[in-house]
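These are notes on selected local features of the structure shown below. Please read each point alongside the coordinates.

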Amino acid sequence: MSQPSVLIIGAGAAALSLIASLPDGCQVQLLTKASVRSGNSMLAQGGIAAVRLPEDSVDYHVRDTLMAGDGHNDPVLVNEILAEGSALINQLASEGFPFDRDAQQRISLGLEGAHSFNRIFHAGGDATGRILMEYLLDRTSGRASIIEHATVLQLIVEEGRCTGVLALQEGQLTEFRADAVVIASGGCGSLYAHHTGDSSITGDGLMLAYEAGAELCDLEFMQFHPTMLVKNGTTYGLISEAVRGEGGVLRNEQGLRIMEGKHPLGDLAPRDVVARAIHEQMQNGHDVHLDIRGCKHFSERFPTITGILEKAGIHWTDGKIPVVPGMHFMMGGIKVDGSGSSRLPGLYAIGEAACTGLHGANRLASNSLLEALVLGRRAAQHSFQYVMRQHSRTQMETADPKLLDTPPSANRAFFEVPQVTLAELQQQMSLHASIVRHAQGLRQLAQWLRNLKTDPVPLSQLTREQAELSHLWKLAQLVVTSAQLRTESRGAHYRADYPVPLDSQWSGRTITHTNTAAPIVAAERTMNECSVSL
C-alpha cells in the first residue's frame, strides 16, 4: 500500500516550513524548476517582524499591518497570523536560531517602515533569508524527495480534485501523482523590468492554479520597493529598508530630503508612499540617492548590501547609494483561506503565491517571512488531515513517476506562446502598470497584450523559457484588467486619474478571476462570499 502523499511546487521558506511541520507517515515530493537554494527567500535582507519588546504588543503589530494594508486586510486573519508568528519567532530564538545579538547577548531588533516599534529580527546583518533557508534545509534534510530543474506545466484535475502535476524534467514530460498539491512558487516579479527577486520567479504557480480552476484575487496590488540599486541599466539588487531604519535618508542630487512633508513617518513611511515619492522625483528629472552617512558601522551591519555595492563599483564610504523603485512583492495571488486551502479540493497555496488577506493593499515590511513560516505550518496540518482522509478512500499510486509520450490526463495539448520578448513585455508593464497608473495607459497596454500574435507549442516540445513567457503574458492580462476595474487609489495600487481611496465603492471589495467567468467584484473576503459579475 502506498503512503499518503503531498507534492510541493517551489522551494522557498514557506515550502520548507511546511515540510518541517508535516507529521511522519506522509510521502513528500518537492519540485523546483531551479535549485533549492535559488528563489526569493534566499535573497531576503530585512528580517522577520515579530513582537519582542515589553512595550510592544501583537495589537500594535496588527494596527501597523492594517494601516499599511489601507483598509483591505482580513482583520481576523491578521490577528491570528501575527499572534502565532510572534510566538513562533520567539520560540526559534529560544531554540538557538542565530538572530543577531548585541554585546549583552540581547536580540538586536531593527526598525523598518510603518512599524511603531523595533521588532525586526535579523540574522547575519542583512542575510536573514539565506540563514533561515539554511536552517530550514538542515531541519528538513531527508524528509522529502527533492527534484530540481523540473518545470511544472499544468495541474492534473480528476473528479473535481487536484491529484498531481505534469512537469518537464530533463526534456521529458513526467507525471507526478499525490493526494494533495501545494503551490509555493512565489510571485511574479519578472513581469517588470526592475524587480528585487530571482529571475526564476515568473508567476507559474498562479497560472497553474488559475487554469486548473482556482481563483486569483487582488492582482492589482503590486508592491514596489523604493530602493533598488540600478546602475547603467543593470539591476544589482535590493537596498533593504533596514538601512533607512538605521539612519539612511533619501535625497535628490541637490541634497534635498525628498520625504520632507510627504508623510509623518518621513523616510520610514509605507513603501507605496516612498516609492511614489521617488518616482515623482525621477519624472521631474531628478536623481535620488540614499544618504548613509548617518548609518553606524554600515559594512558590519549590512555585509550583503556592501557586497552588492562593491559588485556595482560603488564605494559605501562615499555615503551615497543611487536608488530607484522596483517590483518587490505581490499582495494578491491564489485565493486561499487561513490554512492555505484553495477553492479546488486538494490544492493549497502558501507564501507569496497565496492571497490570504494578511497583507491587504500593501504589505508591511518583514511580514512576508513571518507569513511563510506560519502558513507553511498551518497548511501542513490541514493538508495532512486532507491527505489522510483522501488516501483512505483512493489509495492512489504515488511510488514512481511515469514518463509519458502524451499525457492522457492533460486538459490541453499545447501552450500559447506570445511572439514577444520578455524584455518587451517587462517594458510595457513597467510603463503602464507599475507605480503610477492611468486609464489611457492601461487601455493601451490591454490592447497591446490582446493583439500579440501567438504560436501554439505542443507540451512535448515546450521549453522552460516558453512556458514562463506564456504564463507571464496571461498573468499580465489579468493584472491589467484588475488595475482597470479598481477605479480608486488604495495602497500599492495608485491611479493618477482616481488619486484617492473611494471607501463607499471599494472598501473591503476584492476583484477575483477564474478561468470560467468574467472578473468578479465581491464585498467580502470569505471563501463563501456573495459576489456579482461585472
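1. Glu-468 is placed in helix H13 (residues 464-485); helices (H or I, at least four residues) and strands (E, at least two) are DSSP runs, numbered from the N terminus. The model is predicted, with local features needing pLDDT of at least 70 and side-chain atom pairs counted only at pLDDT 80 or more, while totals for chains, interfaces and linings use all residues. Residues are numbered from 1 along each chain as its sequence is written, and side-chain values use heavy atoms, without hydrogens and water.

2. Glu-468 has a relative accessible area of 11% and is therefore buried (under 20% is buried, over 50% exposed, in between partly exposed; 1.4 Å probe, protein chains only). Its side chain makes a polar contact with the side chain of Lys-33 at 2.6 Å. A polar contact is a pair of N or O atoms within 3.5 Å; within protein, one must be able to donate a hydrogen and the other to accept it, and residues adjacent in sequence count only if both atoms are side-chain atoms. Beyond four places in sequence, Glu-468 is in contact (heavy atoms within 4.5 Å) with Lys-33, Ser-200, Thr-202 and Asp-204.

3. Ser-185 lies in the loop between strand E10 (180-183) and helix H5 (204-212). The Ser-185 side chain reaches the backbone nitrogen of Gly-205 at 3.3 Å. Leaving aside neighbours within four places in sequence, the contacts of Ser-185 are Ile-9, Gly-10, Ile-201, Gly-205 and Ala-353.

4. The whole structure holds eight aromatic pairs (rings of Phe, Tyr and Trp, the last by its six-membered ring, with centres within 6.5 Å; planes under 30 degrees apart are stacked, over 60 edge-to-face, the rest tilted). One of them is Phe-97 with Tyr-135, edge-to-face at 5.0 Å centre to centre and 85° between the planes. Phe-97 is in the loop between helix H3 (75-94) and strand E4 (109-110), and Tyr-135 is in helix H4 (residues 128-139), 38 residues apart. Phe-97 is buried, at 2% relative accessible area.

5. Tyr-348 and Tyr-386 have ring centres 6.4 Å apart and planes at 70°, so this pair is edge-to-face. Tyr-348 belongs to strand E19 (residues 347-349) and Tyr-386 to helix H10 (residues 368-394), so the pair ties together parts 38 residues apart in sequence. Tyr-348 is buried at 1% relative accessible area, and Tyr-386 is buried at 10%.
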